[in-house]
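Work through the exercises below with the structure open. Try each task before you read its solution.

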Amino acid sequence: MRRTIDDIIRRHPDRVPVRVLVSDDIKLERSKYLVPKEMTAGQFTSHVRKSMKLSNHEAIFMFVGKSVLPPVSRELGDLYRENAAQDGMLYVTYNKENTFG
């Protein structure tokens with residue numbers, strides 16, 4: 001798998017391979033993304049949230065690597081450099097929380 005990811009990075013040097021993991025109560029249409037390095041954590045969360053079946057009163061929280069909650073203004077390229085796994089992917093986990101009770 002590492003060879004495949006290295007090939008993808010070589011073909012798309014301006015992008016980051018991201019694998020999205022979610023809690024059991026969230027349905028997600030897809031889990032692998034190839035996103036621009038300049039995309040912020042907030043923009044990525046907004047993009048991923050659109051593919052989730054969530055109510056307006058449910059919030060999602062993004063965790064990167066080993067439970068790092070990144071600022072929404074942080075670029076995914078920076079997060080990738082700091083938190084990429086051994087296999088070359090950036091693993092992002094989303095958890096859901098009810099915001100109004």
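**Exercise 1. Find what share of the contacts between residues at least 6 apart in sequence joins residues at least 24 apart.**

Solution. Contact means heavy atoms within 4.5 Å. Step two: take the contacts in the protein between residues at least 6 apart in sequence. Of these, 63% join residues at least 24 apart.

A note on the source: this is a predicted model, in which local features need pLDDT of at least 70 and side-chain atom pairs count only at pLDDT 80 or more, while totals for chains, interfaces and linings use all residues. Residues are numbered from 1 along each chain as its sequence is written, and side-chain values use heavy atoms, with hydrogens and water left out.

**Exercise 2. List the secondary structure elements in order, then judge how compact the protein is.**

Solution. Step one: count the elements. Helices (H or I, at least four residues) and strands (E, at least two) are DSSP runs, numbered from the N terminus. The protein has three helices and four strands. Their order from the N terminus is α-β-β-α-β-α-β.

Along the principal axes, the C-alpha atoms fill a box of roughly 45 × 25 × 20 Å. The accessible surface is about 6500 Å², and 50% of that belongs to carbon and sulfur atoms. Accessible areas come from the Shrake-Rupley method with a 1.4 Å probe; for residues, only the protein chains shown count as cover.

Step four: ask how much is buried. Buried means under 20% relative accessible area, exposed over 50%, and partly exposed in between (1.4 Å probe, protein chains only). Of the 101 residues, 34% count as buried.

**Exercise 3. Work out the strand order of the sheet and the sense of each pairing.**

Solution. Two strands pair if DSSP finds at least two bridges between them.

Step two: read the order. The four strands form an open sheet, S2-S1-S4-S3, with mixed pairing. Strand S2 (32-36) and S3 are the edge strands, each pairing on one side only. From one strand to the next, the twist averages 35°. Axes here are lines fitted to C-alpha atoms, for helices over the stretch in contact, and angles run from 0 to 180 degrees between N-to-C directions.

Step three: take the pairs in turn.

- S1 (residues 15-22) and S2 are antiparallel, over five bridges. Valine 18 stands opposite tyrosine 33 in S2.
- S1 and S4 run parallel, joined by five bridges. Arginine 19 has tyrosine 91 in S4 as its bridge partner.
- S3 and S4 are antiparallel, over seven bridges. Isoleucine 60 has lysine 96 in S4 as its bridge partner.

**Exercise 4. How many salt bridges does the whole structure hold? Describe the pairs aspartate 7 with arginine 10, and glutamate 58 with lysine 96.**

Solution. Step one: define and count. A salt bridge is a side-chain nitrogen of Lys or Arg within 4 Å of a carboxyl oxygen of Asp or Glu. The search finds seven.

Step two: look at the helix pair. Aspartate 7 and arginine 10 meet at 2.6 Å, N to O. Both lie in helix H1 (residues 2-11), three residues apart, about one turn of the helix. Aspartate 7 is partly exposed at 28%. Arginine 10 is exposed at 60%.

Step three: look at the strand pair. Glutamate 58 and lysine 96 meet at 3.1 Å, N to O. Glutamate 58 lies in strand S3 (residues 58-64) and lysine 96 in S4 (residues 90-98), so the pair ties together parts 38 residues apart in sequence. Glutamate 58 is buried at 11%. Lysine 96 is partly exposed at 23%.

**Exercise 5. Which residues join arginine 74 and aspartate 78 in one salt-bridge network?**

Solution. Step one: start with the pair. Arginine 74 and aspartate 78 form a salt bridge at 3.9 Å, N to O. Step two: follow the shared partners. They link Arg74, Asp78, Arg81 and Glu82 into one network.

**Exercise 6. Is threonine 45 buried or exposed? Which residues does threonine 45 contact beyond its sequence neighbours?**

Solution. Threonine 45 sits in helix H2 (residues 41-50). Threonine 45 is buried, at 16% relative accessibility. Leaving aside neighbours within four places in sequence, threonine 45 contacts Ile60, Met62 and Tyr94.
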